[in-house]
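Please open the model in your viewer and keep the sequence panel beside it. The stops below are meant to be selected in order.

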Amino acid sequence: MWSPIRLTLELAAISTLILLIVGTPIAWWLAWTRSRWREVVATIVALPLVLPPTVLGFYLLVALGPAGLGGWFGGLVGLRTFAFTFEGLVFGSVIYSMPFVVQPIRNSFEAVGPRPLEVAATLGASPWDRFFTIAVPLAAPGFLTAAVLGFAHTVGEFGVILMIGGNIPGETKVLSVAIYDFVETLRWREAHILSAGMLAFSFLVILSVSLIARRTGRRAY
């Protein structure tokens with residue numbers, strides 16, 4: 001049972017790091033832009049919240065397969081496809097968990113408001129200085145919530161993971177897939193152990209997010 005646990009934690013850690021790097025500029029743009037495209041972009045980011053995982057997984061499978069962009073890019077690095085690989089799982093996880101990272105950060109940026117940034121600008125701070133020394137520290141609770149939610153959501157993924165990764169031990173067999181596999185093979189003891197662990201983990205995640213929101217007085221998500 002340790003291989004799926006290790007693989008899941010590795011996938012969640014890498015995906016969360018990428019999500020914070022990619023999601024932060026998106027959240028910043030959504031928080032402050034007046035572009036007519038803002039709601040369109042926000043809707044695209046939020047699509048994984050309502051799309052059935054199998055639908056999203058299907059299109060990701062097509063995109064990552066030999067006939068998609070994943071096949072073309074995989075050829076550049078010596079792979080036939082990114083489907084059914086750990087790298088493919090990372091890509092799918094980033095797409096699937098994007099709204100759980102972007103929204104809390106966007107909420108925190110909006111809660112900061114323009115006033116602190118305007119004051120810093122009058123003191124001669126550059127845009128980069130205002131972002132890293134004013135906006136990011138003040139929005140720290142949002143970043144913490146985003147990291148917790150992004151990590152937890154990646155740990156609990158199933159439908160998308162199964163569609164684009166299958167059930168390859170040591171490569172794509174993460175916790176949720178392992179539980180499904182144990183149930184299919186009537187290995188109830190192992191399924192109970194992993195499921196109980198996931199239940200405890202989910203409880204701690206929700207409690208942590210609620211405590212963060214309570215301490216900061218802001219929306220957690």
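The tour goes from a helix pair to a glycine and then to the nonpolar cores.

This is a predicted model, in which local features need pLDDT of at least 70 and side-chain atom pairs count only at pLDDT 80 or more, while totals for chains, interfaces and linings use all residues. Residues are numbered from 1 along each chain as its sequence is written, and side-chain values use heavy atoms, leaving out hydrogens and water.

Select helix H3 (residues 53-64) and helix H5 (residues 86-112), which pack at an angle of about 135° with their axes 11 Å apart. Helices are DSSP runs (H or I, at least four residues), numbered from the N terminus. Axes are lines fitted to C-alpha atoms over the stretch in contact, and angles run from 0 to 180 degrees between N-to-C directions. Next, show Pro53, Leu56, Leu60 and Leu64 in H3, which meet Gly88, Phe91, Gly92, Ile95 and Tyr96 in H5 (contact means heavy atoms within 4.5 Å).

Move to Gly70 in helix H4 (residues 69-76). At 7% relative accessibility Gly70 counts as buried (under 20% relative accessible area, 1.4 Å probe, protein chains only). Leaving aside residues up to four places away in sequence, Gly70 touches Ala63, Leu64, Gly65, Thr81 and Phe82.

Now select Leu11, Ile105, Phe109 and Val174, the residues with the most contacts inside the largest nonpolar core, which has 35 residues. Such a core is a set of buried Ala, Val, Leu, Ile, Met, Phe, Trp, Tyr and Cys residues joined through side-chain atoms within 4.5 Å. H5 gives the most to this core, with 11 residues. Another core, of nine residues, lies apart from it and includes Ala178, Phe182, Ala191 and Leu194.

Terms used. Helices (H or I, at least four residues) and strands (E, at least two) are DSSP runs, numbered from the N terminus. Buried means under 20% relative accessible area, exposed over 50%, partly exposed in between (1.4 Å probe, protein chains only).
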